[in-house]
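User: I would like a close look at a single part of this model, namely the place where two chains meet. Please describe it in a connected way.

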Amino acid sequence: MFRNYLSIAIRLIQKQPGYAFINIVGLAVGMAAFFVITLFITDELSYDKHFENSDRIYRVAVHGVTSNGDVNTAMTSPSWGPEWMDEIPEIEALVRMKPPQQMWLVAKDDLKFFEKGFVFIDSTAFDVFSFDLIRGSQETALSAPFSVILTETMAAKYFPNSDALGQNLRLDNAYDFTVTGIIRDLPGQSHFKADFLASLSTLRTPIYGDNFLESNLNMSLYSYALLVPGTDPSVVATKIDAYIDRTVGEILKTVGATIHTALQPIRSIHLESHLDSEILPNGSKGTVMALAAIAVFILLIACINYMNLATARSASRSREVGIRKVLGAERPQLIRQFLGESFIISMLAMVLAVVLVLLILPTFNTAAGKALTLLSSGFLSAVAIFLGVAMVCGLVAGSYPAFFLSSVTPAYALKGGKLGAAGGGMLRKVLVVFQFATSIGLIVATVVVFRQLNFTRNMDLGFDREQVIVVQLTDVGVRALFPTFRDRIEELPSVVSISGTSSAPGFFIQTNLVLPEEASQEETVFAQTFFSDYDFVETLGIRVIAGRAPSEAHPSDSLGAFVLNESALGAFGWDSDPNLAIGRRLSFPGGNFEGLVIGVVEDFHAESLHEPIEPALIAVANEQSYFYAVIRIQAGSTKDAISEIGRVWQDLYPAYIYQYSFMEDDINELYASDLSLGRLFGGFSFLTILIACLGLFGLASFTAEQRTKEIGVRKVLGASMGQITFLLSKDFARFVVIAFVLITPVAWIGMNRWLDTFNYRVSFGIGTLLIVGLGVLAISLVTVAYQTVKASMANPVDALKYE
Amino acid sequence: MIRLEKITKSFLHGFNRSFVLRNISLEVKEGEFVSIIGPSGSGKSTILHILGMLDEPSTGEYFFFDQPVHKISERKRTDLHREYIGFVFQAYHLIDDLTVYENLETPLLYKKIKGSERKSMVAEMLDRFNMVAKKDLFPSQLSGGQQQLVGVARALIMQPKLILADEPTGNLHTSHGEIVMDWFKRLNKEDGVTVIQVTHSDHWASYGDRVIELVDGRVERDVQNEPVPTSI
Ligand SMILES: Nc1ncnc2c1ncn2[C@@H]1O[C@H](COP(=O)(O)OP(=O)(O)OP(=O)(O)O)[C@@H](O)[C@H]1O
Ligand SMILES: [Mg+2]
């Protein structure tokens, strides 16, 4: 029996290769898209699961409330962790970790690299994280200061020809570390990156200042707790809150702030945390869900093609069904036959899908910022997913034709009765409308995302982001020589101006509590702070609206001078007149930094447009505060500027690596996840419309075939070719129009919601929708044009004879 | 073998019910060779389909070997029809995508007959109809007469007790028609197979022992073994 079905299926494919092609390609594209998305989602969901006990590991996060806004940070104070460990019995083990703010320069003699994965970590690391130590001792490897454990990759990178254990590595050209252990590489699916585990006790030395580990109100490292099985994390959080209240409650009260902690399950950090100072950029749960929905839709759309074409073709198959029934076939046998056919198609599609996945993955990886491979979720799971998808597709796609066709009464079928003129036809239309609605929705989403990204690129940010190079001043040694560096850079012909600053747009922006002189402690304001030299305002092209920018010409500026933005005026209550601010005294509570307001500038966007503009403060400070040099260069001399600056750097800092970027790129980087969302929408909407058009093409050919006689009669009655083409196209156009009407509200609400995640956004109305709708209409008409024109050109006599 | 009691068949045309068969009662005994004749649209095919359990009557009762066909389940009906009935059509109704061999094999597959037995049954049929050389051809590669022979062979392969034939010779040249009719005659006489055929022509009708004439869904005439007047 199976052989009988198989030979029928294979002969059908041979006889109607076009039909088989459409089905197989459509299904394969859908399956490939589904598989790629599954890989992506599996990857996103697997973060930090590789740690043993990952269900009991939590990171302590701090939520601070002040009179002027909230702070949500993933970091805690260095002194806290060990004391929690002592006094909270529910904490089984605790580890503190300090990844680099930017990067560390690591050197083995002349081998030098900037390393992002150089983390300082407590000797309790192995109690919490199941790092796989293959050399060295868990008990002692991280006890002594200046000890470091390497991953296998790093060991091979720095010690290619010798045993790393016991050898030295130099950090920041200054500190020598002894290699005390080697661990296996960690999977990339983790919210932190660790290539080097250095002993945290090292930080009692001057690297971060002598008292770094004792500071009790300085959120500057990450604390992870392994809880006793069965512990409610909120109970622990309450105990931690009590500890904080007892130890630093008084100080917090004086500045009008309160702090609460929360325990974040380590597995949820990647997709759900989104706090300030995440170690690596988080993923987005929204993207994961949107992609999951797209995956299901694309596969469904591909299955719909099969159903549609199979029902359209049912007229020619119904005779076979009639005969088989006459020959004694029972309905279940026929159902099995048709399901079998769709399984064969879907298995062939599966094979093609594997090839497509290999083709799609590189592009997808670029768009999504991943390094997925066909087997990255494991060989067995890849096989299981593919087979599973092929089975489900075979079942879903084949079920309708199978049940529909097998229900025919044989006497009717043998007479060549037309099937499903009403029922099947209706379903077919609904399915086509569904396909086009999905296509239009995805294309609208793509267009909106890119329009918004374009908007963010072209919006006036309040400063000039073009022709600015940012050079990182990562080390104390580099910063110490900055005045010389600045003088030499200023002389370069390709450079307009240079400024040293603690924060730059596109990078991490520091915030501080600021207090006006006459106000009480409770009226402090959280303000973004740019500790910089005199030329920051000029170099970035920030516009002064009152007072003046700092200047060497005013010696008093070096004693403490502030420039505020407009939002800061608002926060201090001076917004009625910018000049009110000039001459006021500001200070940082608890610190010894204070000065006079000398000017006010227009608001400028240092962060992404997702964020509102916050009060900002440009403070004149010395070179020890500068982490970046921002350099404005002459238009058209980019190449010269880069190499000239590089030469100065080499000359002045031969031991350090010259690291530069363009501010425009740094700012665009803030929208990396939006861009990847846009690219993903774009890619998948292309696939969706491709599949939908494949289906439409097939459907058009069957319709044209079925209506041959009608067309013949109409032509005999004098209808022109144009009229016939119009008649046939009209039916297909109707699908698109109905799909458009149905999807419009969904797309409109959905995309406005996404746009609302930006504080500054484009407007999105019916215009965009209409353009996309018309575009899809045009595409669909072009798709059916070949069939309709062919049908309308056919000789009417042939058509009538054919019947 | 067959007993029809007041069988009617009607279709809804909009709000009108049009009757194709009206109150047909008749009996056919095992071993008879019946020809059904009548003008086009008189309901010949319809009654044959009902007899073959391919279609259901609107009202009335149908007994097949004393089993009430109108009452039993679809499954049971399929069993009866698989067991006892072979069908031959004017349009041959072979499965285009299967070879001669596979077409003959299909009913055996549905009856779940084992491979070796199946092979010998198909081989025997091919032999009986002199089609061994053609077994791997597709229907489209055969002449009309050859196709109809395959149709007859396929109907016979299950060794049915009843053969229903709807204008089996309608599309054939006379010489081919003779071959088919001779087969029916032989099966009827030698093996005692009951044959009911629908035909337009008196010539082919005369092969039967009994002629039933339908007019407008009614039995107009039911006679034994005598030539029919050429009034049609
Ligand atoms: N499914 C149906 N729906 C509506 N009317 C039908 C249907 N099937 C058959 N009829 C009608 O029933 C009548 C009898 O049809 P039937 O095929 O039995 O005639 P026939 O005697 O076999 O004619 P012919 O000699 O042309 O084959 C016809 O008028 C036909 O229009
Ligand atoms: Mg007929």
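Analyst: What follows is an account of the interface between chain B and chain A in this predicted model.

The extent of the interface may be considered to begin with. The size of an interface is often given as the accessible area lost when the parts come together. Here, chain B and chain A bury about 2500 Å² between them, and 54% of that area lies on carbon and sulfur atoms. On the side of chain B, the residues that lose the most area to chain A are B:His93, B:Asp97 and B:Tyr110; together they account for 29% of what that side buries. Counted by contacts, 26 residues of chain B touch 26 residues of chain A.

The polar and charged interactions come next. Between chain B and chain A there are 11 residue pairs in polar contact, with both residues at pLDDT 80 or more. The two chains are also joined by four salt bridges. A salt bridge is formed by the side chains of A:Arg319 and B:Asp96, with a distance of 3.2 Å from N to O.

Which elements of chain B give two or more residues to the side that touches chain A? They are helix 2 (74-84), strand 6 (85-89) and helix 3 (100-110) of chain B. Helix 3 of chain B provides the largest share of this side, namely six residues. By residue type, the side of chain B that touches chain A divides into 10 nonpolar, six polar and 10 charged residues.

Key: Residues are numbered from 1 along each chain as its sequence is written. Chains are lettered from A and ligands numbered from 1 in the order in which they are written. This is a predicted model: local features need pLDDT of at least 70, side-chain atom pairs count only at pLDDT 80 or more; totals for chains, interfaces and linings use all residues. Side-chain values use heavy atoms; hydrogens and water are left out. Contact means heavy atoms within 4.5 Å. Buried area is the accessible area (1.4 Å probe) that two parts lose on being put together, summed over both. A polar contact is a pair of N or O atoms within 3.5 Å; within protein, one must be able to donate a hydrogen and the other to accept it, and residues adjacent in sequence count only if both atoms are side-chain atoms. Helices (H or I, at least four residues) and strands (E, at least two) are DSSP runs, numbered from the N terminus. Ala, Val, Leu, Ile, Met, Phe, Trp, Tyr, Cys and Pro count as nonpolar, Asp, Glu, Lys and Arg as charged, and the others, Gly among them, as polar.
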